[in-house]
Amino acid sequence: MAKVKLEVPELQPYLDVPAVVPGTMAHSRPFVAKPEHQQPLNFPGELVDNWQEKAIDKMGDLLGRYRSLRVYLDSCVKCGSCTDKCHYYLGTKDPKNMPVGRQDLLRKVYRRYFTLAGKYFPKLVGAEDLTQEVLDDWYSYFHQCSQCRRCSVFCPYGIDTAEISMAAREIMDHIGMGQKYCNEIIGKVYKIGNNLGLPGPALRDTLEGLEEDVYDDTGVKVRYPIDVVGADILVVTPSADFFAEPHVDGLIGYGKVFHEAGVSWTLSTQASEAANFGMFIGSYENMRRISMRIREAAIALKVKRIVFGECGHAWRVAYSFLNTLAGPWDFLDPNYPVPQHICEFTHDLIQQGKLNLDKSQNDDMVLTYHDSCNVARATRMGPTPGGQFDIPRAVIKAVCNHFYDMDEDTIRERTYCCGGGGGLLTDDLMELRLKGAVPRMVALNNVMQEKGVTHLAAICAICKSQFTKVLPYYGMEMEQVVSVHQLVSNAIILTPGEDDDLDDDDDDESEDDED
Amino acid sequence: MSFLTVVYASLFYVAALVFVVGVANKIVQYSRSPAPLKIPTTPAPVTQSGVVFRLAREVVLFESLFKGNKWIWIFGWIFHFGLFLVTLRHLRYFLDPVWLPIELIQPFGIYGGMAMVAGLAGLWARRLLVDRVRYVTGPSDHLMLALLIGIGLTGLGMTFLVHVDIVSVKQFFRGLMSFHIQPLPADPLLLLHLLLVAILMIVFPFSKLLHAPGLFFSPSRNQIDNPREKRHIAPWAKRLEQ
């Protein structure tokens, strides 16, 4: 493929709704999965011969399995409320990236094959046969939806385009038109245990390294345990936390929080991944299979609680689906919700005054917070609706002196996707990712100009990866992206443990001549 | 009995049957389709009464549409509220004696008719003037607006321009209800009005008018946000566990 130089949109002070320009993104399509990416997920390796028939059969199957799909395909009145809500439409001007435009790609086929009006009056109701052109459009545009649900907030019937995209991807997987990025990653989870394909020894090595780093930094022995049978808490976190900046600084923070809480915790090599890309491809069976690893790990490690690290869609699968997919959790401690978010855990400790925090440690930063789409619109934290907005902010404000929110229209339930969610965080979709980030970049740029914000905190591995990649294109620094628990980590004053002075594997006495 | 009366009597029996059976069929289909996962758009209510309140706000106030677009909201709400008043006003053709609240609402029903047409005109203007809405508008969307505006204008026409013998109209519909068919006055405006209403009833279960029952079955709006507290599992998903 020819390397095309990416055009970077110029950030304006306001986000204008662009006029419709059909076809601007018709060329955008991710790499198609190869047979070796399809087979571990029980999907056909390549486009099957009778794919039309198979696709319609699968659509019928899904209509019987998902009320959402049937109701959403029937109910749209084309009112237009969603048309200016999708970050990909705002960034690309392509009308098939308007939520209703995207839904209609599936709806026209639904009408043709499953409704009376579409069978007898196809032209009148915009019904169309499933042709190669339609399939091409599906592949292209259902991989330009990050399933962020922003459109569903503004739809008078709550039509959620994410449900439509998931169904479309599920249909395409079943006829052999899978997406390489998602399906290859799911295969890695089955084979190795996590998205990044980090084997157990590498994880152990990384965690030992973290223990040494934290000890060198603070003189306190903070543990980062893995596969410890009998620990109280199983921590499930995205594998990026073991690997990349600023994710790993978040993981360091979790460990410090658990240290201060005085609880025993453990990671797991088997469940070394919070992400669940089964959701992105709309596959209940794969989502369930990925979730079952967490159940198996919890049983094997005999833990009492489960806590999830900072990951957006993972928290959706954890909060909203885990009880369904891998429950019931009656063998865990009933005094705690299953699962809990690390922000809920930290927030509780702050409320109880159990964390000794020095906010001034973060005085070199002026922060804002990006509500991750899945956390904002598909989950909750704490007992009251909206806790998913308030708890992370409360944590940030407890550890930082300088915090400003971005424009009201771009945060909380109206938050914009980072531009890389929903299985689109791949280099073969870089143009889409750049353009889809525009609404967030505009809001961030404004708060930087107006309030002097220097850093953007997030609680999602995809958001953090996407932002570190796209910020430089917009003239900002990748280091401006921080984990929420990185901020906690900076501010926390650790309680020295009894074994801090004991030499286990250290070869010097640096703890005696500190300062 | 005139041929015309027989045709319209038959038409309304067919239309009523198609409407009731068609919509009931859809409601049964929706309620039998499982919702395997908890997908309320959050923040969402954590109790059943909270969900009832959320749906009530959607039905009465169009809360989400209000968040989405103020123009669509104002036109859409005026149209629907007008239609609601008009429907109440028309109950006098089916009730004998007419209930007092329906008596009292009669004059408001006329304003309702005007509001309905004004709202529809606004919605139609958006379909023509806003490029994004124009892009997603198909022939059936224009026809639906034409049908509804036609119903509104013919109705208003009978109120303000060409009066019809509404006592006979009432006898016709009361007669249909008790299967004793009474003659229908042969006024062109009335016949057109009734024809359009019958068409509306017939297309209802096969068109986007399904948004009316659909809203109540929308999982993003009607689910309680309690997935950690209560295990939610569909029958077909349960079978995967064996």
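**Strands, domains and chain contacts**

Me: Which residue of β6(A) is the bridge partner of Leu367(A)?

Reply: In this predicted model, local features need pLDDT of at least 70 and side-chain atom pairs count only at pLDDT 80 or more, while totals for chains, interfaces and linings use all residues. Residues are numbered from 1 along each chain as its sequence is written, whereas chains are lettered from A and ligands numbered from 1 in the order in which they are written. Strand β5 (residues 367-369) of chain A pairs with β6(A) in the parallel sense over three bridges, where pairing requires that DSSP find at least two bridges. Within β6(A), the partner of Leu367(A) is His455(A).

Me: How many bridges join β6(A) to β7(A)?

Reply: Strands (E, at least two residues) and helices (H or I, at least four) are DSSP runs numbered from the N terminus. Ala458(A) stands opposite Ser483(A) in β7(A). Strand β7 (residues 481-483) of chain A and β6(A) pair in the parallel sense, and the number of bridges is three.

Me: Through which helix does the chain cross from β6(A) to β7(A)?

Reply: This β-α-β crossover is right-handed; with the strands pointing away from the viewer, the path from the first strand over the helix to the second then runs clockwise. The helix on this path is α21 (residues 461-470) of chain A.

Me: Which residues of β6(A) point the other way from His455(A) and Ala457(A)?

Reply: In a regular strand, side chains alternate between the two faces of the sheet. All four residues named for β6 (residues 455-458) of chain A are buried, a class that requires 20 or more other C-beta atoms within 10 Å of the residue's own, against 12 or fewer for exposed and values in between for partly exposed, with C-beta atoms placed from the backbone. Opposite to His455(A) and Ala457(A) point Leu456(A) and Ala458(A).

Me: How far apart do the C-alpha centres of domain 1 and domain 2 of chain A lie?

Reply: The bounds, which come from an automatic or database domain assignment, are 35-178 for domain 1 of chain A and 186-491 for domain 2 of chain A. Between their C-alpha centres the distance is 30 Å.

Me: Which helix supplies the largest share of the side of chain A that touches chain B?

Reply: Two residues are in contact if their C-beta atoms, placed from the backbone, lie within 7 Å. By that criterion, 61 residues of chain A are in contact with 56 residues of chain B. The largest share on the chain A side, six residues, comes from helix α3 (residues 67-75) of chain A.

Me: Why is α3(A) described as largely enclosed by the rest of the structure?

Reply: The buried residues of α3(A) include Arg67(A), Tyr72(A) and Asp74(A). They pack against elements of chain A, among them α2 (51-65) and α5 (99-114), together with α1 (3-32), α10 (211-217) and α11 (219-222) of chain B. The helix α3(A) is largely enclosed because its buried residues number nine of the nine.

Me: Is Arg89(B) buried or exposed?

Reply: Arg89(B) is found in helix α4 (residues 70-90) of chain B. Not counting residues up to four places away in sequence, Arg89(B) touches Ile105(B), Gln106(B), Gly109(B) and Gly112(B). Because 21 C-beta neighbours lie inside 10 Å, Arg89(B) counts as buried.
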